[in-house]
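Colleague: Could you pick one part of this and give me a close look at it? Plain words, please, with any cut-offs spelled out as they come up.

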Number of protein chains: 2
Amino acid sequence: MKTTDQIGKFYYFFPQSVALVSVRDNVMPAAWHTPISSQPPLYGILISPKRHTYDLLRGADGFAVNFLPVSRAGFIAQTGRTSGREGSKLERFGAAYKPAQKVPAAILDDSYAAYECEKVAVAEYGDHFLFVGRIVLLHYQEGIVNAAGFADENKVAPTLYFGKDRYLTIDPKTLREIT
Amino acid sequence: MKTTDQIGKFYYFFPQSVALVSVRDNVMPAAWHTPISSQPPLYGILISPKRHTYDLLRGADGFAVNFLPVSRAGFIAQTGRTSGREGSKLERFGAAYKPAQKVPAAILDDSYAAYECEKVAVAEYGDHFLFVGRIVLLHYQEGIVNAAGFADENKVAPTLYFGKDRYLTIDPKTLREIT
């Protein structure tokens, strides 16, 4: 085991599912996000204040979190390299979407699941801000859910970020139910 | 697309890497965790106040986050089903570890990476508490790192939680570098 206090990019040791965060008609990919609470259902995203999304989030009362399949990784990466300050990314990259129903955000047609979140808290930690949203509406593709009501590993190929511009997905054959 | 305001277990739509959180010689698996800040390096874990780990975290000045390969998913699941209130899980399940160097926590021999974190903030959100740690020491198995210094998808099989007692890992063949 190597041990170091030179922390560097410590977050390249595990894959993170990629969330495409939308505010109004703008989107950006976020690999730093997590469920926060079950009841009430809260979801958190970490956003740098350098981002256009940060400015939009400050002025909006909600946002959406979209999960897209790995086949859309190229599009997702592109949305992270351009700024909404220079015009609509969704239009530029030809991504179809519908306006969210309860918050000012976009639900992408290609998402296999998406959350509409009302902004309920904001906190600054280091070089990022945590935006906490209460999930008020849930969208998902019915085809990806198995008989038990959970995402089916054979029907969805989530986008996982593995650091340094590398994207991959799950291996459904490795699924193990541990009871 | 199905749309519902019955949010239910909304967090079963994507895999989450599993972190084995340790405080003193106690461990528990957490699927809700995320990097928070790059500089300073901050890491966040969400812990229910019902957990023994919560009580320990309240009284400790730090914790560790261990990442174990999917071959250890059975052990990880077991640590989530027993409480440290009933004795040492590490001893019970025969998991070798070393004391962390800078915080009161355990670094498991089977981890492919682990962070030692000084507790810097605590915040309550819904039914969980966010504990924010500053990463002060990083451990990783040298064998898992590629020439560029990043985790090699062929050398590490991270443990991903897919909800409802289901665990799986990545498919290295799907890796795509998007430049």
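Modeller: The strands themselves (E, at least two residues) and the helices (H or I, at least four residues) are DSSP runs, numbered from the N terminus. This is a predicted model, where local features need pLDDT of at least 70 and side-chain atom pairs count only at pLDDT 80 or more, while totals for chains, interfaces and linings use all residues. Residues are numbered from 1 along each chain as its sequence is written, and chains are lettered from A and ligands numbered from 1 in the order in which they are written.

The part I'd look at is β10(B), with its neighbours. Strand β10(B) runs antiparallel to β11(B), and 12 bridges join the two. In that pairing, Y115(B) sits opposite L138(B) of β11(B). Together β10(B) and β11(B) make a hairpin with 2 residues between them, and G126(B) in the turn has a positive phi of about 60°. Strand β7 (residues 62–67) of chain B also joins β10(B), antiparallel, through 6 bridges. There, C117(B) in β10(B) faces F63(B).

Now zoom out to the other chain. Taking contact as C-beta atoms, placed from the backbone, within 7 Å, 72 residues of chain B touch 72 residues of chain A. Among the elements giving two or more residues to that side of chain B are β10 (113–125), β11 (128–140) and β13 (166–177). The biggest giver is β13(B), with 11 residues. By type, that side of chain B has 43 nonpolar residues, 18 polar and 11 charged; here Ala, Val, Leu, Ile, Met, Phe, Trp, Tyr, Cys and Pro are nonpolar, Asp, Glu, Lys and Arg are charged, and the others, Gly among them, are polar.

Strand pairing crosses between the chains too: β11 (residues 128–140) of chain A and β1(B) pair in the antiparallel sense over 3 bridges. One bridge there puts Y140(A) with K2(B).

As for how the copies relate, chain B superposes on chain A by a rotation of 180° with 0.0 Å of shift along its axis, RMSD 0.0 Å. The two copies are thus related as by a two-fold rotation axis.

Definitions and conventions. Contact = placed C-beta atoms within 7 Å. Pairing = 2+ DSSP bridges. Least-squares fit on C-alpha atoms with pLDDT ≥ 70 in both.
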